[in-house]
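Hi,

Here is the structure I promised to pass on. Have a look at it first, then read on for what turned up.

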Amino acid sequence: MTKYLLVASVAAAALFAASPASAASTFQETCSNIGFAYSGGNATLQAMCLMANGSPHATSLTLSGISNQNGILTKGSGAATFQQSCGTIKIDASGPNVTLYAYCRTSNGQSNSTSMSLNGIGNNNGTLVQQ
């Protein structure tokens, strides 16, 4: 019985680790000039990514579901709104992790340094995609 429980636990952990919500981003392996930008009032991730033939392609991905909850970057659903109450926004894609950094207003008007991982973003033939 213990053996079956262990196998089921390992299988469940593997499924959880492979889920898109928790998958690490991989685009940084084939993209450069990675940064944050505003595009039509939307928060976007921009980069120069390699296509399958090796040619560079300028691309962007609208960030969604990120909000400022009393000075803390929080992931939810819908359009991103954090850029309306956060400043000094930057994206660090050095190494295996991709992190969004910002200074966000708290309910009492203070500024709080906060960050969050940007997971599940890939490069599909030179185009940034949410996986």
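Which residue does cysteine 31 form a disulfide with? The partner is cysteine 49, and the two sulfur atoms sit 2.0 Å apart. Keep in mind as you read that this is a predicted model.

Let's stay with that pair for a moment. Cysteine 31 belongs to strand β1 and cysteine 49 to strand β2 (residues 42-50), so the bond ties together parts that are 18 residues apart in sequence. The torsion about the S-S bond is about 105°, so this disulfide is right-handed. Cysteine 31 counts as buried because its relative accessibility is 10%, under the 20% cut-off. Cysteine 49 is buried too, with a relative accessible area of 0%.

The structure holds 2 disulfides, so on to the other one. Cysteine 86 and cysteine 104 form it, again with sulfur atoms 2.0 Å apart. Here the link runs from strand β6, where cysteine 86 lies, to cysteine 104 in strand β7 (residues 99-105), and the two residues are 18 apart. Both cysteine 86 and cysteine 104 are buried. The S-S torsion of this pair is about 105°, which means it is right-handed. If you number the bonded cysteines in sequence order, the pairing reads 1-2, 3-4.

Now for the overall picture. The protein chain has 1 helix and 10 strands, and from the N terminus the order is α-β-β-β-β-β-β-β-β-β-β. Of its 131 residues, 34% are buried. The accessible surface comes to about 7800 Å², with 55% of that belonging to carbon and sulfur atoms.

Two more residues are worth a click. Glutamine 28 is in the loop between α1 (2-18) and β1 (31-39), and at 12% relative accessibility this glutamine counts as buried. Its side chain reaches the backbone oxygen of proline 96 at 3.1 Å, and a polar atom of that side chain also lies 3.1 Å from the backbone oxygen of serine 25. Leaving out residues up to four places away in sequence, glutamine 28 touches several others, including Ile34, Ala93 and Val98.

Aspartate 92 is in strand β6 (residues 86-92) and is partly exposed, with a relative accessible area of 30%. The side chain of aspartate 92 makes a polar contact with the side chain of serine 94 (2.9 Å). Aspartate 92 and glutamine 28 are 64 residues apart along the chain, and their C-alpha atoms are separated by 9.8 Å.

Cheers!

Terms used: Residues numbered from 1 in each chain as written. Predicted model: local features only at pLDDT ≥ 70, side-chain atom pairs only at ≥ 80, totals over all residues. Heavy atoms only, no water. Helix = DSSP H or I, 4+ residues; strand = E, 2+ residues; numbered from the N terminus. Buried < 20%, exposed > 50% of the residue type's maximum accessible area, 1.4 Å probe, protein only. Polar contact = N/O pair within 3.5 Å; in protein donor to acceptor, adjacent residues only side chain to side chain. Contact = heavy atoms within 4.5 Å. Areas by Shrake-Rupley, 256 points an atom, 1.4 Å probe, with all protein chains shown as cover. Disulfide = S-S within 2.5 Å.
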